[in-house]
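Biologist: I'd like to learn how to read a few features of a protein model with you. Could you walk me through them one at a time?

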Amino acid sequence: MVLRAEDAVLDFLSVTRGSASVDQEAGEHSGRAAPEGPSGGAVRVLCCDTRQWIDLAAGTTLADRLAALAPHVRAPDAPHDPPDAGELSRLLREAAGGRAARVWTHSPADNRRSRGRIGRDVAAGDHGLEVRHAVGYSPYLQFVSDEDRPLGRAAVAAKLDFVNRHCAALLSTDSPEFMIYTARVPAVERFFTTDGAREREGLFALLASLDDEAAGVADPWEFETSPYERARLDATTAWIARHRSPGDGPLVEVGACEGALTARLAAKGYEVDATEPNPLFRDRLARHLDTGFDGVRVHADALEGLAAEPRLPGSAYLLIEMLYYGQDLDLLDTLPADLVLLALEPAALAERVRPWLAGTSRWTQAEETVLVAPALEAVCGGRAYLSKRGSTGVVLRRVVSRG
């Protein structure tokens, strides 16, 4: 079950491969035995962009199978509207016809979101079949896989030849979803099976930080369970307390998500106006705080709305790990507070905040402090791990004009 026909070659050549002799040749060229797995058996490939099945009969060679897939490679701008979870399940049940079958599909954490969505929906489907995911393209994560299949030189050559012959438009496109380059043509194909809905949904949501789909699973960034995130939140709370006491007035926390920081501040006696524009996060934020935390009010505003209608005065505005999405920093000028505490990973701070600070006469930096150092951390129950890049806190004070 792939988004497009070329995916069956780029990420699943070891599954779609042909005769045993081709595999043996691949193993001999690499100096290793041929990888284990299906060899020459019947394979059905569903191209989800066209909802078209391509049947690769038992006993056919790798060359025959690649020739059968080649006519189905489409231009990068060809329309694609993949089936939803219900339709995918129906197609799988019809294809299996009650027979034992294994389903191979994309990873829920594939950085190409259309493929990641297919991987999530196939695994969640009502079809009763075993599902294995290709690690695929996920540049921010390292995976603990269940099966690795190194390709020999002959198999890699066949993969490259397929790309050069039939995917020329994908080699030259600038579409981030469909462009083909070195990192998207693996010489070792790696596969895993998700361990339940939490792992599957967590992998998908983890890479959906710019999408509403991130809110589809509770605590997608594991603020409640991650040692790194808990240390970051504790350090951030202590840092805020050094600059504002509960008696100084309300804090306005912009982009409060599900309230991991809000709850810590409320527990220390702060009055907090917590704003969160995403309705799913906001609902969980309200429920999180509806357990004995007084002095917290929940609002639907984003930074843009708070700046356009400055109705929430505060002793300080908190912009904690949320200025990653292209917000105009000049919006800070109209916020009804003279103190802003912001936190970002160091690279984003250097790229976004420092140039803006150098060009504004309305704010000055009063402090900069490292809240938490970078670390490598396992996520999604240990299925993958990634680099957490640290967090630096910056205190901004409004410059008071004289005269």
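Modeller: Gladly! This is a predicted model, and we can begin with S391, which is found in strand β16, residues 391-398.

Biologist: Is S391 buried or exposed?

Modeller: Buried means under 20% relative accessible area. S391 has a relative accessible area of 1%, so S391 is buried.

Biologist: Which side chain joins that of S391 in a polar contact?

Modeller: That of E321, at 2.5 Å. Leaving aside neighbours within four places in sequence, S391 is in contact with several residues, including Y228, R232, E321, T369 and V372.

Biologist: Let's turn to aromatic rings. How is a pair of aromatic rings described?

Modeller: By the distance of the centres and the angle of the planes. This structure holds 7 aromatic pairs. In one of them, the rings of W221 and F223 have centres 6.1 Å apart and planes at 35°, so that pair is tilted. The rings of W221 and F281 have centres 5.7 Å apart and planes at 40°, so this pair is tilted.

Biologist: Where do W221 and F281 lie?

Modeller: W221 lies in the loop between α9 (197-206) and α10 (227-243), and F281 in helix α12 (residues 279-289), so the pair ties together parts that are 60 residues apart in sequence. F281 is buried, at 6% relative accessible area, and F223 counts as buried at 18%.

Biologist: Which residues make a nonpolar surface patch?

Modeller: V144, L376 and Y385 make one of about 300 Å². Y385 is found in strand β15, residues 384-388, and is partly exposed, with a relative accessible area of 37%.

Notes
Residues numbered from 1 in each chain as written. Predicted model: local features only at pLDDT ≥ 70, side-chain atom pairs only at ≥ 80, totals over all residues. Heavy atoms only, no water. Helix = DSSP H or I, 4+ residues; strand = E, 2+ residues; numbered from the N terminus. Buried < 20%, exposed > 50% of the residue type's maximum accessible area, 1.4 Å probe, protein only. Polar contact = N/O pair within 3.5 Å; in protein donor to acceptor, adjacent residues only side chain to side chain. Contact = heavy atoms within 4.5 Å. Patch = residues over 30% accessible without salt bridge, like charges linked within 9 Å, V, L, I, M, F, W, Y side chains within 5 Å. Areas by Shrake-Rupley, 256 points an atom, 1.4 Å probe, with all protein chains shown as cover. Salt bridge = Lys/Arg side-chain N within 4 Å of Asp/Glu carboxyl O. Phe/Tyr/Trp six-rings, centres within 6.5 Å; stacked < 30°, edge-to-face > 60°.
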